[in-house]
Amino acid sequence: MDWISSTIWYWIVLAITGIISGILGYFFGKSSTPSAAENSVQLNILEIENAKLKSDLETCKKRLDTSKTKQLSLERDKNPPKKDAFFFDANRAKTAFGEKIKENDLKLVEGIGPKIETLFHNFDIKTWKDLAETSADKCQEVLDSGGKRYRIHDPASWPMQAKMAYEGHWEQLFEWQEKHRAGKY
């Protein structure tokens, strides 16, 4: 009987050791892996940071384009440019957007509503061409003129959207706006 009792004790000790090891392993594993909520928060933070970096990149590109534009304008002073051949095709715009589009309606640009459009009009920016030729910094200045409530808007893409509208790239503008609707990248 001595042999049987020692075997039983062997199995009992082995079972207790296994249970304790399993419990400790579970807690160590759970504490070292981030939860889904933590992963979601980190993902959101990274997406926001990515959007800010894209905005900064766009601002830098606009500044570079502005400096190139200044150089070109010096060269063009000798030979004045021809009138721009802008033709607004309301039917193509309606086909792309599924609704009637008014020529030079700044509200067509994602992020611009009636009040922001009024702010731009106060700065004599009344057409898509005017907005397309405006830097993101100038757009931010226009927003700042409206007070604190307009600071949440990010105007980095507005000149680009206005340029697409001015040049008649309706399908491309619609696709871009659908992808970036309400600031969601």
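Select F120. Beyond residues up to four places away in sequence, F120 touches L106, I112, I125, L131, C139, V142 and W158; contact means heavy atoms within 4.5 Å. This is a predicted model, where local features need pLDDT of at least 70, side-chain atom pairs count only at pLDDT 80 or more, and totals for chains, interfaces and linings use all residues. Residues are numbered from 1 along each chain as its sequence is written, and side-chain values use heavy atoms, with hydrogens and water left out.

Next, widen to the largest nonpolar core, which has 27 residues. Such a core is a set of buried Ala, Val, Leu, Ile, Met, Phe, Trp, Tyr and Cys residues joined through side-chain atoms within 4.5 Å. Buried means under 20% relative accessible area, with a 1.4 Å probe and protein chains only. Colour L108, I112, F120, W128, L131, W158 and W170: these touch the most other members. Then show α3 (90–97), α4 (114–122), α5 (128–132), α6 (136–145), α7 (158–167) and α8 (170–179), each supplying at least two core residues. α7 gives the most, with 5. Helices here are DSSP runs (H or I, at least four residues), numbered from the N terminus.

Show R92, A93, A96 and F97 of α3 against W170, E171, L173, F174 and Q177 of α8, which make the contact.

Zoom out: the chain has 8 helices and 0 strands. Of its 185 residues, 24% count as buried.

Conventions:
Buried means under 20% relative accessible area, exposed over 50%, partly exposed in between (1.4 Å probe, protein chains only).
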